[in-house]
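Hi,

Here is the structure I wanted to hand over to you. Have a look at it first, and my notes on the aromatic rings and a helix contact follow below.

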Amino acid sequence: MNHEEEEDVDILIVGAGLAGLTTALSLHRLGLRSLVLESSDSLRITGYALSLWTNAWRALDVVGIGSTLRKKSTQIKGFKIASLDTGLFTSEQALDKDGKFEGYESRCVKRKDLLEAIVNELPPDTIRYSSKVATIDELGRYKLVLIGCDGVKSVVAKWLGLERPISDGRLAIRGLVEFPDGSCSDPIFHVKFGGGVRFGSLPVDENTVYWFCTFIPSQVPSYEEDWKVNPIKVKQFVLSRIHKMPQEAQDVVERTKLSNISCAKLKFRSPWNVLFGNIVKDNVCVAGDALHPMTPDIGQGGCAALEDAVVLGRCLGEVFLKKASEEDDEFERIKKGLEKYGKERRWRSFSLISVAYCVGYIQQSNGKMMSLFRKVWFSSYTPSIFLKMADFDCGNLVS
């Protein structure tokens, strides 16, 4: 990476995903310019949809796009937990019942809508496409902030010495289906688990439903490696595992176009690596999936990226906007600002990764004792886990 190519910017962001773009927007709201380098030749809108919880909506409101996105998404009103083995519901929870969960917010948003809402608020020269960071020189005391938002395979995380994310042994199938007649009006998050499989669906809006299915390949005799590029086999597998569910659930998968189905390995960073590794070093840090890749079992991956962006914007705002004396060393101020960011995000990231992994393990483990545990206690407690981890306020851009 050549310093001459940075066009006189103080803050360089690697990756135009959710974390990178929201960080740029946070900085823009404070009047700070940044440059986002994106390896793709256009905005990456793959991924279908994201479930965003209370903490995410607080962050979106801080950067000024929450209201825009609420108009394009349905507020989730409750949970229904069911057993895949029997198809029977084992737990139901309304978010507005008796005011117990008052103030919580849950919506599913199309990734395309989310990223475009952010980009529309950024200056037109913020993103430089087809720009890939292959290596990073030792920056020394160069007065440039480098933020790695370059995902699970982060070059910046590797430079910081963080370990590679590891596989948790599962695959995730994701799909998005359109109902032109507006028949998906039930604003409920449905989750079914058992027999090594976890299936869920929730509405994006009155015409769109997002669904997912995670499973352990080693426990599926019919699994073949070509599933990752063969949506027909993937769709057939999901339908075979939800055949005891109500017809509405089967229709969601049956009506999904093959082009709207994906299959990928689930990976996460060791929480201990986040706790004790270098997530910040001098004037370099990581955010989003470059910092805390996690399994999707509590729906907090994208939410945590939004939190990162607000906290990072606030910490850098304190560095660049507060008047400094002549004796102040700008490099040291940048270093302290990023250290503050790292301190705020380290334990939060550790907690989210750990809880997500444990929830996934319990939901998809086999055995009579684990099945009884899920049925008797865990299924009724699942909504509380989601809501507890979402009950977090990342604060404002100005402290």
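Which residues form one aromatic cluster? They are Trp53, Phe79, Phe189, Tyr210, Phe212 and Phe386.

Before the details, some housekeeping. This is a predicted model, with local features needing pLDDT of at least 70 and side-chain atom pairs counting only at pLDDT 80 or more, while totals for chains, interfaces and linings use all residues. Residues are numbered from 1 along each chain as its sequence is written, and side-chain values use heavy atoms, with hydrogens and water left out.

On to the rings. I paired rings of Phe, Tyr and Trp (its six-membered ring) if their centres lie within 6.5 Å, calling planes under 30 degrees apart stacked, over 60 edge-to-face and the rest tilted. That rule gives 14 aromatic pairs. In one of them, tryptophan 53 and phenylalanine 79 are stacked, because their ring centres are 5.8 Å apart and their planes sit at 10°. Tryptophan 53 is in the loop between strand 3 (49-52) and helix 2 (54-62), and phenylalanine 79 is in strand 4 (residues 78-83), so this pair ties together parts 26 residues apart in sequence. Helices (H or I, at least four residues) and strands (E, at least two) are DSSP runs, numbered from the N terminus.

Both partners are buried (under 20% relative accessible area, with exposed over 50% and partly exposed in between; 1.4 Å probe, protein chains only): tryptophan 53 has 1% relative accessibility and phenylalanine 79 has 2%.

Phenylalanine 189 and phenylalanine 386 also have ring centres 5.8 Å apart, but with planes at 85°, so that pair is edge-to-face. Phenylalanine 189 belongs to strand 10 (residues 188-194) and phenylalanine 386 to helix 11 (residues 368-390), 197 residues apart. Phenylalanine 189 counts as buried at 3% relative accessibility, as does phenylalanine 386 at 1%.

Then there are charges over rings (NZ of Lys or CZ of Arg within 6 Å of the ring centre and within 35 degrees of the ring normal). Arginine 107 lies over the face of tryptophan 57, 5.8 Å from the ring centre, and arginine 348 over that of phenylalanine 392, at 4.1 Å.

In the contact (heavy atoms within 4.5 Å), Asn55, Ala56, Ala59, Leu60 and Val62 of helix 2 meet Cys303, Leu306, Glu307 and Val310 of helix 9. These residues divide into seven nonpolar, one polar and one charged (Ala, Val, Leu, Ile, Met, Phe, Trp, Tyr, Cys and Pro count as nonpolar, Asp, Glu, Lys and Arg as charged, and the others, Gly among them, as polar).

Cheers
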